[in-house]
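Here is a short tour for anyone meeting this structure for the first time. Take a look at it below, then read on.

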Amino acid sequence: MSGEITELRHAIHREPEIGLDLPKTQAKVLAALDGLPLEISTGRGLSSVTAVLRRGDRGGRPPGSTQRGGPGPVVLLRGDMDALPITEETGLSYASVIRGAMHACGHDLHTAMLAGAARLLSARRAELPGTVVFMFQPGEEGYAGARYMIEEGVLEAAGHRPVAAYGLHVTSQRLPFGTFSTRPGAMLAAADQITVTVHGRGGHASVPHHAADPIPVACEMVTALQTLVTRKFDVFDPVVITVGSFHAGTTDNVIPDEARFLATARSFSEESRSALAELVPRLIGDIARGHGLTAEAIYAAEYPVTVNDAAEAAFAAETIAAVFGPERGEAAQFPLTGAEDFSFVLEQVPGAFVMLGACPPGNDPLTAPTNHSAHAVFDDAALADGTALYAELALRRLARG
Ligand SMILES: [Zn+2]
Ligand SMILES: [Zn+2]
């Protein structure tokens, strides 16, 4: 099946779409699933595809005499489908033909793998010990697509809730090609956004004592946030705050009225996350007041911590070792500081998120361009193994009941 999965991946890669509305990608997924014995539904508020595969014979009838009391458990497999607002610079033969859009996070591979797994499992439908839900999800990159799919009922798509859910993510660097990596507990960080506006009073730059300059006050906030990180948080439950956008003023001899900045906050526990939400706005407000200015800090919750269930992470690691050999699995020592909206699924269903190294041979994983780089390359050779892992996780987990 490698050939057809690769073709699907290349077709999706050539025409990347961003956000919650991915009509071309959705059409390609529906075409790839066409003819399979699946119950398919599409999203209302987003272009998702949910496909349900139930046990049954090739004619689509329930297996009758072979049925062992009830339809069996449900397992959910998730693949995200959206791209990023990046102009591709890889020079690949199947590179994006759309300027300003690129599958730089490898979600094209996840979509193709999940469609491949639907085909594999459909062929084993008669022996399927339960039901599989395939969750093709738009809008992972900051649009909370998983949350919308949950609101639209993906967790109830099979009639009853999944006993387990699995997600897979390729990486273009860090992990050697073909290495799977997971861990129990926190797998990825929570990601929240901090929006700060400092209100001063503009004036002539030569007489700042007649104005209320918001720029030095905003600068003090930026450095104070780093002090907050080191003085208020346990080093063994770390947080990251990065100011990624900072804007004020127009020229050298004018004090502006306002300064604004945006920061991302990453954390790995509910305790640290709620402490951030409380301490950051307080610090910003107090610094502004200390200088006779005002400021507001909006702490907006985005994605929660992606938490792997310990038993499901162990099961995923066992499955990787059994299918591919123990040398192909790596127990991740630490969580990653990236974030995932699969976290919303894992808040409700025990499961595991697994990383897969897809760095092309010839690239050093330690120096290769990262996911989200305009130069990121993911090797097609990872597709077959990712497809196999999705299918094996479902089959083996359903067999456990
Ligand atoms: Zn990404
Ligand atoms: Zn991603």
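## Around the zinc ions

Going along the sequence, the donor residues of the zinc ion (ligand 1) follow the spacing C-x35-E-x230-H. In this predicted model, local features need pLDDT of at least 70 and side-chain atom pairs count only at pLDDT 80 or more, while totals for chains, interfaces and linings use all residues. Side-chain values use heavy atoms, with hydrogens and water left out.

So who holds the metal? The zinc ion (ligand 1) is coordinated by C105 through SG, E141 through OE and H372 through NE2, at 2.0 to 2.2 Å. Donors here are N, O and S atoms within 2.8 Å of the metal (3.2 Å for Na, K and Ca), and since water is not among the atoms, sites may look incomplete. E141 sits in the loop between β4 (131-137) and α4 (145-151), and H372 in the loop between β16 (351-357) and α9 (382-400), so the pair ties together parts that are 231 residues apart in sequence. Helices (H or I, at least four residues) and strands (E, at least two) are DSSP runs, numbered from the N terminus.

| Residue | Relative accessibility | Class |
|---|---|---|
| C105 | 8% | buried |
| E141 | 16% | buried |
| H372 | 40% | partly exposed |

As for disulfides (pairs of cysteine sulfur atoms within 2.5 Å), the structure holds 0. C359 is in none, and the nearest cysteine sulfur, that of C105, is 15 Å away.

Terms used. Residues numbered from 1 in each chain as written. Chains lettered and ligands numbered in written order. Buried < 20%, exposed > 50% of the residue type's maximum accessible area, 1.4 Å probe, protein only.
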